[in-house]
Each structure stands twice: as C-alpha cells, then as structure tokens.
Amino acid sequence: QAQLVESGGGLVQAGGSLRLSCAASGRTFSSYFMGWFRQAPGKEREFVAAISWRGRSTYYEDSVKGRFTISRDNAKNTVYLQMNSLKPEDTAVYYCAAKLGAMSTTLNEYDYWGQGTQVTVSS
C-alpha cells in the first residue's frame, strides 16, 4: 500500500530554518508530481510548492518564493522542503502529496497524502 510519511517539523524561532522530508513507500513515486501543502489552525489547506517527476520544474506559492526550496531524490523515494527565513505566519501542519499527470496546485487532484508534520515558528 502506498504511503507518504513526513518528518522534520518542529519549533523554530522566526528567521530560522527547517528541512522537511517526505519518504514514500509501497510504490515508486519517481513518475509522480510531488507537492507540499500546509494547513494553519482555522484555515483551509493551501498549496505551498510542487516539483515535477524529474525535478526539472518547481512551483511555489507566492509567499514562500525565495525562502522555500523543494527538491527530490528519486533514488531514495524522498521529497524535501527546505524552509529558510521562517515567519510566524508559516506556522501550520505541512503535508506532502503525490499525483500523476500534470502539475496542480489543487489539493483534491492529488492521489496520495501523508499524515502531516507540525511546523511552529515563534516570534
């Protein structure tokens, strides 16, 4: 059974950095678009970043451009989200997700989801 497991979340001060990982198992995700989404308390889940299956194309939500970097290692079946210059408004549960086909920022177009990892940024 396909499974995505996120790790790397935690508590960090504003201006700090965290690196999230998403390990895939149960199938090979090298042909899947991989995305990161986040959900803050009381808000809807929103798109953060996505990467094409070869890693040649990346996409970012405007508020994280220049601060976050998505990457993948298909040999390890793992996707990463490097988050720098973190702000309190980045506080959320971060989810990774996978989909076949074209890139999308729409969460209901993704086929597989992880359980999420909490990121808390203190001011």
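Reply: Strands are DSSP runs of E, at least two residues long, numbered from the N terminus. Keep in mind that this is a predicted model. S30 sits in the loop between β3 (18–25) and β4 (33–39).

Me: Is S30 buried, exposed or partly exposed, and why?

Reply: Buried means under 20% relative accessible area, and exposed means over 50%. S30 has 23% relative accessibility, so it counts as partly exposed.

Me: Which residues does S30 touch, leaving out those up to four places away in sequence?

Reply: Contact means heavy atoms within 4.5 Å. On that basis S30 touches W53, R72, N74 and N77.

Me: Now β4. Why is β4 described as largely enclosed by the rest of the structure?

Reply: Count its buried residues. Six of the seven in β4 are buried, so the rest of the structure largely encloses this strand.

Me: How many bridges link β4 to β9, and in which sense do the two strands pair?

Reply: Two strands pair if DSSP finds at least two bridges between them. β4 and β9 (residues 92–99) have seven, in the antiparallel sense.

Me: What about β4 and β5?

Reply: β5 covers residues 46–51 and runs antiparallel to β4, with five bridges joining them. Here W36 has A49 of β5 as its bridge partner.

Me: What do β4 and β5 form, and how many residues lie between them?

Reply: They form a hairpin, with six residues between the strands. Look at G42 in the turn: its phi is positive, about 75 degrees.

Key: Residues numbered from 1 in each chain as written. Predicted model: local features only at pLDDT ≥ 70, side-chain atom pairs only at ≥ 80, totals over all residues. Heavy atoms only, no water. Helix = DSSP H or I, 4+ residues; strand = E, 2+ residues; numbered from the N terminus. Buried < 20%, exposed > 50% of the residue type's maximum accessible area, 1.4 Å probe, protein only.
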